[in-house]
Amino acid sequence: MAKMFLSNFILGAADPLIDWELFWSSIGPMVEGGIRNTIPLTLFSFTFGLILALLTALARLSGNKVLSGIARVYVSAIRGTPLLVQLFIVFFGLPDLGITLDPFPSAVIAFSLNVGAYASEIVRASILSVPKGQWEAGYTIGMTYPQTLRRIILPQATRVSIPPLSNSFISLVKDTSLASQILVVELFRKSQEIAARTYDFLQLYITAAILYWIVCFVLSLVQDRIEKKLDRYVAK
Amino acid sequence: MQIQVQNLHKSFGELNVLRGIDLEVPKGNVVAIIGPSGSGKTTFLRCLNALEMPNQGLFEFSDGFSLDFSKYPKKNEILKLRRKSGMVFQSYNLFPHKTALENVMEGPVIVQKLNKEEVRARAVSLLEKVGLGEKMDLYPHQLSGGQQQRVGIARALAIEPELMLFDEPTSALDPELVGEVLSVMKELAREGQTMVVVTHELKFAEDVADHVMFIDGGVVVEQGPPKEILKAPKEARTKQFLDRVLNPS
């Protein structure tokens, strides 16, 4: 029975589960969609998102009630609404206000705002994890707040934040598939387009899934290397 | 006077920790501050560096710089005050992501924007002075407590402060490591470094200090030359404290 399944469906005898011809003709466009859209979308959104996260975290940590209030509302609004809805608001909703953006920039804006809110909590916790004495040591050698933050606190906070931020990054890679819904021709949308023509849904979507998996696997290897590098100054 | 402080007050909410403390430190003098825990002595030292912001108090330095805390000081005044003094912490607070040498170079390079090569040469000689010339490329976690504290002293000295502040610098150390830190401090005193030291080491205070202040309940209870305060105190509270420190059981 198992043998029959193997020969008939997997290796492709009667009604092959893997259509190799389709595989080779579909993987090219999907990888292309990944390289042209999924990866740039991830990188831009994560970069802007991190900047936003740092500013939001600093606003939350500042004694300023107005700034920290704004930051709180922003984080709450983004965390309390679905990412897909946020994408739709930017792409389909903003034109009602006369702001019409292309799919790609719309996606970058929505994903950056999303990453910014979630990562701000990671950044805030990481900054708080650095002992208060480190701030004081910076101040006593005459450093200003920005100098102490940049040279003393953030390098230490970075080490703490790498594992959770890697999670955010890997989530983002996968979340970019939602951009297919606002016409960004990224990896998943390519697979949808081909599936709509060929009706080979299972094969195409599994191929897409495996491509995402490969990217995320490589990223987790990168994470390991960064963690090892940053651990050099920590007692083991 | 290297520094003169008048009528320093500090409260945390309802709690008045410091209630009018005066301090005068002549150039090259060592002032030791002793007192029971909770007396406010550490808070007082931290106020000298504006790590705690005094609610009131007038600071005057020998070069004419003065700071009146009855109104909240400006940022650049606080920076100026901090650059006049170097702080050594009980828990060292070295930068763990920087080597001993980088710890010492950080202030002069980043704050004073001095030439990196010249700073390096001076940082190396400072580390040699505290006996750590061999260890300068190690990270803090690779050093013993006593070695870390000596790096802490070198880091504070690197900005060439007029005044060195020590906050119980040996309290976190294993007993056998206390001596190496105290001997560095004695050497500094001999060289004429102006110092204010909060300490439990009465022997050190007796040997090195020019002046001893006993603080309790946020006020100076008694002060004077170490021999008077430590050997023949007048106030009952001072006697009681010394008795408890000298005869712990």
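How many bridges join strand S4 of chain B to S5(B)? Three, and the two strands run antiparallel.

## The model

This is a predicted model, where local features need pLDDT of at least 70, side-chain atom pairs count only at pLDDT 80 or more, and totals for chains, interfaces and linings use all residues. Residues are numbered from 1 along each chain as its sequence is written, chains are lettered from A and ligands numbered from 1 in the order in which they are written, and side-chain values use heavy atoms, with hydrogens and water left out.

## The sheet in chain B

Strands here are DSSP runs (E, at least two residues), and helices are runs of H or I with at least four, numbered from the N terminus. Two strands pair if DSSP finds at least two bridges between them. Four strands of chain B form an open antiparallel sheet, in the order S2-S1-S4-S5. S2 (15–25) and S5 (66–68) of chain B stand at the edges with a single partner strand each, so one side of each has no neighbour in the sheet. Phe59(B) stands opposite Leu67(B) in S5(B).

## Where the chains meet

In contact (heavy atoms within 4.5 Å) are 24 residues of chain B and 21 of chain A. The two chains bury about 2,000 Å² between them, 61% of it on carbon and sulfur atoms. Buried area is the accessible area (1.4 Å probe) that two parts lose on being put together, summed over both.

The rule finds two salt bridges across this interface. Each needs a side-chain nitrogen of Lys or Arg within 4 Å of a carboxyl oxygen of Asp or Glu. Glu136(A) and Arg46(B) meet in a salt bridge at 2.6 Å, N to O.
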